[in-house]
Amino acid sequence: MYNKRSRFLTVMVSLGLAFFYIPLLLLVIYSFNHSKLVPVWGGWSTRWYKVLFFESPEVWSAVALSLKIAFVNATFATILGTLAALAMVRFGRFKGRTLFGGMLVAPLVMPEVITGLSLLVFFISLQELIGWPAERGFTTITIAHITFSMAFVAVTVQARLTGMGQDLEEAAADLGAKPFKVLTAITIPRLTPALVSGWLLAFTLSLDDLVIASFVTGPGANTLPILIFSRIRLGLRPDINALATIIILVVAICVTIAALIMYRQHKRDLLDQQLAERAD
Amino acid sequence: MTDAPWLDHENNTPLVQIRGLTKKFGSVTAVDNIDLDIYQGELFCLLGGSGCGKSTLLRMLAGFEFPESGSINIGGEDMSNVSAYERPTNMMFQSYALFPHMTVEKNIAFGLQQDRVPKSEITDRVDEILQLVELQDFKKRKPQQLSGGQRQRVALARALVKKPRLLLLDEPLAALDKKLRKQTQFELANIQEQVGVTFIVVTHDQEEAMTLATRMAVMDAGRFMQIGTPNEIYEFPQSRFVADFIGSANIFAGRVSEDGTDHVRVDTDLGEVYIDHGQSVTEGKQIWVGLRPEKIHVSKTAPKKAGPNQVSGEVEEIGYLGETSIYKVKLKTGQLVDVTAPNQVRSRSNEQSITWEDTVYLSWEPSSAMLLNS
């Protein structure tokens, strides 16, 4: 009985994993395709990696732009989202708290097309009114990304703040720490895991975004998703496959490092526990 | 100065003066118009069930909550506009609230650093307090590398190292297991005596309050039911609530039939109860009489002469606890009386031993019955 069920589970898990990873595997294999046409196999070759590295400056500028936007976005979104979460969790019942809380998470459920369109309209009217932003590109995409990724950070940090309770902060205040000192000496260090995951989440969301960026971008400012998507319409060139393979590799390395860090943390926790048990 | 300033109100100014303090959370009144004086050197216990307002009162003393009305005065200073970080109080939290990202040493030094105490003095004072709580060997450890009892002592040391005028302890022993709790009770009282700091301890455990306290307050629904020394509270409770909350008590309704200067007679279902000391009661008024189970004498032989303070009944249940036994005795009126008696003789088949359905005679000293006004 138990065996039967576990075989069923094994099959399901294998199918699920296959569904996720076969497309990625195909992408990697086809990045070594010699043929100029993506779906036609023309034998093994590293031709498209050479093309990618030496003949595709527009791909690299798109990568650079995407990374720059993602970095600035993640940093600002983390700061603003954390402040919003602090207001929600640590400032008691202020007037308009429910409304603020609702508006804070609204971007999570708002269709991207609407966010993108509204921001585009906003930027155009702003340009007519005060002449800024003079042209759409890096600045407008970054601002647009901050507006929605901030909500994700706020939710992450809010959960952590609620979970960790107020005891430690009260204890610090009780021991004579002024509010700002409490924030820097206790709250922020305790929040670090949430801040890191919030930052990474914002970074990834920005790197990923196609819809909102397409609305608020201007001439010449192509992020990587915009570039890849436009290539699909113009006919895909296999150097994108090569780039995708490199990205998969980078992500895999990052995930491995994260897993190693978590494993070490877990081992340290176990060690602490053992020390505590033997302490008396 | 006497050894116990709290017993000599005329010649001592209280360290803490609370007047008309009220705190509401929405429509719930957590603390309801209370007055309280606490004197230097006291170990004062606030005792009550959950939700009685004892923690709220403590948090108002610490400055984490501010009252709707009334005032708190500590050491002659009004605390109405003083934030938690400026008060001469320190608190030991029920969760201990140790900073997990700091070592024991840094946890304890934190409070001194906020006061900009010179570094060398910080080191000395931290070492001194670590010695007091016997944790010198653990100062480089993080809180999560300590046992429960050790964490409790770090929390105590961290709160004490600033030499506060008033130390607030929220259920300080609740997180320890039973055996360790009993041992720590005495340690805590010893440390308090050594450092001479005034302690206010919140607890729901009456045994803990009785062991620790110089004086205690029994709280219910945001009010003080009674304030007194553990002995006063146990031997002279003023209400049915207190008599029943602290220890256990058999309570009977009655009416005062005679109110003398040195004695009181009350008619109850138990028959006549005679009390050999005067109490402020009104003749003919409804009153309650409380009798502690251990103060009732149980015997199989009938008393020699009729009189007050005795009644007979039938043993309905026996609970054997080893050192004592609890007898539930059913009176003719159908009421059950709890009686505890030490098992002085080791015999189960002895003729003298009391067993189920025996008729027994209960009696008590004229000083034993407690008069309860409400």
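Chain A holds 11 helices and zero strands, where helices (H or I, at least four residues) and strands (E, at least two) are DSSP runs numbered from the N terminus. This is a predicted model, in which local features need pLDDT of at least 70 and side-chain atom pairs count only at pLDDT 80 or more, while totals for chains, interfaces and linings use all residues. Residues are numbered from 1 along each chain as its sequence is written, and chains are lettered from A and ligands numbered from 1 in the order in which they are written.

Chain A is more spread out than a compact globule, because its radius of gyration of 24 Å is well over the 19 Å that the globule rule gives for 280 residues; the radius is taken over C-alpha atoms, and the rule is 2.2 Å times the number of residues to the power 0.38. Further values for chain A are set out below.

| Property of chain A | Value |
|---|---|
| Box filled by the C-alpha atoms, along the principal axes | roughly 70 × 70 × 40 Å |
| Buried residues (20 or more other C-beta atoms within 10 Å of their own, C-beta atoms being placed from the backbone) | 30% of 280 residues |
| Contacts with a separation of 6 or more that join residues 24 or more positions apart | 77% |

Two residues are in contact if their C-beta atoms, placed from the backbone, lie within 7 Å. The contact between the chains takes 18 residues from chain A and 23 residues from chain B. On the side of chain A that touches chain B, helix H7 (167–174), helix H8 (179–208) and helix H11 (239–278) of chain A each supply at least two residues, and H7(A) gives the most, with six residues.

Key:
Buried ≥ 20, exposed ≤ 12 C-beta atoms within 10 Å, placed from the backbone.
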